[in-house]
Amino acid sequence: MVKVTVCGAAGGIGQPLSLLLKLNPQVSELSLFDVVNANGVAADLSHICSPAKVTGYQPSSKEDRDTIQKALVNSDLVVIPAGVPRKPGMTRADLFNINASIIRDIVGSIGKACPNAAILIISNPVNSTVPIAAEVLKKLGVFNPKKLFGVTTLDSVRAETFLGELIKETPTSLKGQISVIGGHSGDTIVPLVHATASVAKKVSGLSKSQYNEFIHRVQFGGDEVVKAKNGAGSATLSMAYAGYRFAEKVIGSLNGQSESSSEIPDSSYIYLAGVPNGKELSQKYLKNSEFFSVPVILEKGQIKAFVNPFDKLNVTSEESKLVDIALGGLQNSIDQGTTFVTGSKL
Ligand SMILES: NC(=O)C1=CN([C@@H]2O[C@H](COP(=O)(O)OP(=O)(O)OC[C@H]3O[C@@H](n4cnc5c(N)ncnc54)[C@H](O)[C@@H]3O)[C@@H](O)[C@H]2O)C=CC1
Ligand SMILES: O=C([O-])CC(=O)C(=O)O
């Protein structure tokens, strides 16, 4: 049985994500932390007739650092959708000023209260918040790169949906057949759709402009939602689904389940340099980038291996060019995250 803590549980993503976690019979304890309304959300979810025991944790003041420790202790998995979302006209990078310190402080508490937990970071800009988390954990001497995950699943979910519409396939049939790698922002997002012969054949039937529009729509899908919500935030429900899809995989692996080996597993933005064969991948194909999203194979709540896209997913020359563009954009975001922690007191 698994204890899961959600930090930012009362937010637009946090509430539906917590609902989905509450419905998972493998979750025995669901701990909901937020600076507002955590107790209300916990009371509400606690009436659902599933096994997870739900508890809310809300700090009494800005100085209260004990409540989060109580929420986190003994967690096997911590999911973090805390922080501010975009408004129209903003990029994800514009969220850095507020969200960087929120992630630094939450991950600092994780490093002290439950250093062995798997950590899933949803808060944007993911390209920087994951490097922040890595640096905080390194400073505390408890960094396990196999257990730190930037959640990029929404990019895969979008790719499956949008490609399904174009090639007239049900999107569910594309899960595990296509992949998205890179980062989680604009042109750092790289969809790969030639991994299987059957999907590649259908993609080859698309016109050049249809293919380009598909790539653009996956890369900038977040903007569509921000625009439609018109100031009321960004993707929350699709993100809760995507975040749960990845969390469910971690929970399953904690309980000894393994995924189907015939499917490409979902990707996650990870510290490549710290996982088996990651350095080699980075040196050979990724200009030494330390962080990158790749399909990850899990075991016992941590990364056992990744699927090397360049060996296994039939990356085309066009897709390779997208990877180069992505690497250009990623490095600054990684450096920004790392430098932020170097200058911070934990
Ligand atoms: N990785 C991804 O694919 C996606 C990431 N996001 C990001 O997720 C984040 C959350 O988005 P929403 O849920 O829409 O925002 P929201 O504003 O609805 O909810 C955020 C929650 O975080 C809480 N919070 C703020 N500071 C906190 C702290 N120090 N400790 C604990 N909780 C704290 C707030 O009280 C609020 O309940 C944003 O940064 C957004 O950009 C959004 C969609 C997709
Ligand atoms: O676009 C945003 O700001 C939220 C997000 O990350 C997404 O929807 O992919």
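What follows is a short exchange on this structure.

Mentor: This is a predicted model, in which local features need pLDDT of at least 70, side-chain atom pairs count only at pLDDT 80 or more, and totals for chains, interfaces and linings use all residues. Residues are numbered from 1 along each chain as its sequence is written, with chains lettered from A and ligands numbered from 1 in the order in which they are written.

Trainee: Which helix gives the most to the shell around ligand 2?

Mentor: A residue belongs to the shell if its C-beta atom, placed from the backbone, lies within 6 Å of the ligand. The residues around ligand 2 include Gly222, Val225 and Val226. With three residues, the most is given by helix 9 (residues 221-229).

Trainee: Where does ligand 2 lie relative to domain 1 and domain 2?

Mentor: Domain bounds come from an automatic or database domain assignment. Domain 1 (2-150) and domain 2 (153-337) both give residues to the shell, so ligand 2 lies between them.

Trainee: How many residues surround ligand 1?

Mentor: The closest are Gly8, Gly11, Gly12, Ile13 and Asn124. Helix 4 supplies the largest share of this shell, three residues. The number surrounding ligand 1 is 33.

Trainee: What distance separates the end C-alpha atoms of helix 13?

Mentor: Helices are DSSP runs (H or I, at least four residues), numbered from the N terminus. The expected span is 1.5 Å times one less than the number of residues. For the 26 residues of helix 13 (residues 317-342) that should be 38 Å, which agrees with the end-to-end distance of 38 Å.

Methods
Helices (H or I, at least four residues) and strands (E, at least two) are DSSP runs, numbered from the N terminus.
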